[in-house]
Amino acid sequence: MADETRKRNVYLEDIPLDEAQAAFQGALAAAGWWQPLEAEEIPVAQANGRITARAVWAKLSSPHYHASAMDGYALRAQDSEGATETQPLQFTLVEDWDSTPNVPRPMRPVNTGHPLPPWANAVVMIEHTQQVALGDGRSGIEIRASVPPWHHVRPMGEDMVATELVLPANHKLRPVDLGALAGSGHATVAVYRQPRVAIIPTGSELISTETVAERGIQPGQIIEYNSMVLAAQVADWGGLPTRWPIVEDNFEAIQTAVRQAAQDHDLILLNAGSSAGSEDYTAHVVQSLGQLLVHGVAVRPGHPVILGMVENDKVTRWQGDQVKDKPVTLSPDHLVTPIVGVPGYPVSAALTGEIFVEPVLARWQGQRPFQPPTIQATLTRKVNSHTGDDDFVRVAVGEVNGRFVTTPISRGAGVITSLVRADGIVRIPRFSEGADVGSEVTVHLYRDARDLAHTILAIGSHDLTLDLIAQFLAERSGTRLASANVGSLGGLVALRRGECHLAGSHLLDPETGIYNQSMVRRYLPNEDVVLVTLVGREQGWLVPVGNPKNIEGWAAAARDDVQLANRQRGAGTRVLLDYELGKLGIAPEQVRGYGREEYTHLAVAAAVVSGTADYGLGIQAAARALKLDFVPLAHEQYDLVMTRQTYESDRIRPLLDLLHDEAFKTAVAAMPGYDVSVMGNVVAINGR
């Protein structure tokens, strides 16, 4: 049966996102799964963050007696009538509690929270009294102002009255809610059971983080962390995740893991193997155990998503065959267990959780799907999108000159750091073919919109020092530095259009030998611009350890036995390379690999480390970071370019102060190839 299943043609489809969601939700509803889970009673002290399954009514009034709200003396308000500064009234201290004291103007000491004697209806603060000696030798209390009835008294039921609604059903419990529950006489509360979610990572190439820590990692091996991300998402969404050990790429092994998970879990997330390759078994496993609803959704990243149902009677039969003496513990009252085949690429996996898993877990807990806050922002770069797919584009966001601007960041489905750096997601609808520069888009935020007011948006050339700036700013001032690497020219263009606060640039003027100034005058001719030098730095060839191919000098680029990893058009490093090659009369067509473009120094270094390139032009710190050798070729200046308005603003002040901070300078100087003696130098361009 398994061999026949594997031979079936299980195709990747291209189902629109809304149709895929409707198909999954329809199947859940038909199986009795599209509703809240059953309730369970738990102690109030353990209920923070859980969802109430039923309305909660007060068992007791709070307070359940008339309580003093101050330290002072209980009295009858009518006895204080007529008291003034010039005609104070004297009261007799009594010990009587239940019966009305047989003395004129009785008064009894009380502390905050103490019940009032039945005969009293007000409290005077101890600070507003004066002890006196009465004529009969007893102690008394004198007051110099009258008090109204129920003054400084918390009457019974002030907070809540018995039988009053305390909390509705489907309410997410907060710390203050726990106090209300306890105060109204409840020791336990009925909440929805937390969904049990099994997360099964598959792939023979996967190794755990623990294995990497113990033994290191070899080429071809991949650290398995998708299950960690998915489990954290499930926990954030109120579920109880169970991470399975890594399962090898084997049909029977994966099928066995799914069968086991279906015995006592409400939802199964089967990670990787969801595409249509020779070792992609997820669709076949789902089909063999139940119903394959969807295989392939018109969404990017995340196209190979699988949605299906595992039939529990098949799990029961299998368990009876395998372990006849072990009781079956299927999810109660349900004949199927939903399963989601999650793509293996990290970004695809995380977004699959947001798009398909969170709405199900929310429904099971009586909640609406999470709707992130949104803002309207101006797009700084054109976004090309696959015509037939809903495209979820990761973006950085900044508030520049009173408006929000957003710029796309790395779009690879395997680039998990793009989600780490992203401020939000822009959804490009299918059939729209993308979005143009300057268009208004809706950003679904990953962070509080208030954080954007403390964000510095940098667009331009990449430098490792920017990461140090981000670290120091976060530690020192709570300011965020968000950056997008588009090259020096791209940064100047973005600055001209008012799309960033600053641009990192290192553009050499071949005629003068001066960095950045002529290009700033050319691209921002009418702007009052300030150049703040960040660092001087060395550029050179990044080569493997030992420089096995003896790559020396600029002329090495013309050799036909070596392969270059180049930078993108508009990058200062690319401009430097072209300038030096031009001086030697070397045409781009003579350079093997000239057309291969990388967007950062570290990406060039990674290409050399991987062996796909023999060398590349970059900074010495990138060579050190990836343990490469470095052949120095040139010294250059890297500036932060900004308008004078930005330079004089409060937003940029923490960054400028950092450039004169000795601890920061020391940290930068510790990286090889950096000169901090020029850090903080200022040049004004086009100043008026």
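Five aromatic pairs turn up in this structure, which is a predicted model. Let's visit some of them, then move on to a loop and a helix.

**Stop 1: two tryptophans**

Select Trp33 and Trp364. Their rings form a tilted aromatic pair, with 4.9 Å from centre to centre and 40 degrees between the planes. Trp33 sits in the loop between helix H2 (17–30) and strand E1 (39–43), while Trp364 belongs to helix H9 (residues 346–364). The pair links distant parts of the chain, 331 residues apart.

**Stop 2: a phenylalanine and a tyrosine**

Next, select Phe251 and Tyr281. This aromatic pair is edge-to-face, with 75 degrees between the planes and 6.4 Å between the centres. Phe251 lies in helix H6 (residues 251–264), and Tyr281 is in the loop between strand E17 (267–271) and helix H7 (282–289), so the pair ties together parts that are 30 residues apart in sequence.

Check the surface again here. Phe251 is buried at 2% relative accessible area. Tyr281 has 16% relative accessibility, and because the cut-off for buried is under 20%, Tyr281 counts as buried as well.

**Stop 3: a ring cluster**

Which residues do ring pairs link into a cluster? Select Trp541, Trp554 and Tyr615 to see them together.

**Stop 4: a threonine in a loop**

Now go to Thr163, in the loop between strand E10 (153–154) and strand E11 (165–167). Thr163 counts as exposed because its relative accessibility is 62%. What does Thr163 touch, leaving aside residues up to four places away in sequence? Show Trp57 and Ala58, and you have the answer. Trp57 is 106 residues from Thr163 along the chain, yet their C-alpha atoms are separated by 5.4 Å.

**Stop 5: helix H12**

Finally, select residues 488–496, which make up helix H12. Its buried residues are Ser488, Gly491, Leu492, Val493, Ala494 and Leu495. What do these buried residues pack against? Colour each partner in turn: strands E29 (455–460), E31 (503–505) and E36 (629–643), along with helices H13 (517–523) and H14 (572–583).

Before you leave, step just past the end of H12 to Gly498, which takes a positive phi of about 70 degrees.

Note on methods:
Residues are numbered from 1 along each chain as its sequence is written. This is a predicted model: local features need pLDDT of at least 70, side-chain atom pairs count only at pLDDT 80 or more; totals for chains, interfaces and linings use all residues. Side-chain values use heavy atoms; hydrogens and water are left out. Buried means under 20% relative accessible area, exposed over 50%, partly exposed in between (1.4 Å probe, protein chains only). Helices (H or I, at least four residues) and strands (E, at least two) are DSSP runs, numbered from the N terminus. Contact means heavy atoms within 4.5 Å. Rings of Phe, Tyr and Trp (its six-membered ring) pair if their centres lie within 6.5 Å; planes under 30 degrees apart count as stacked, over 60 as edge-to-face and the rest as tilted.
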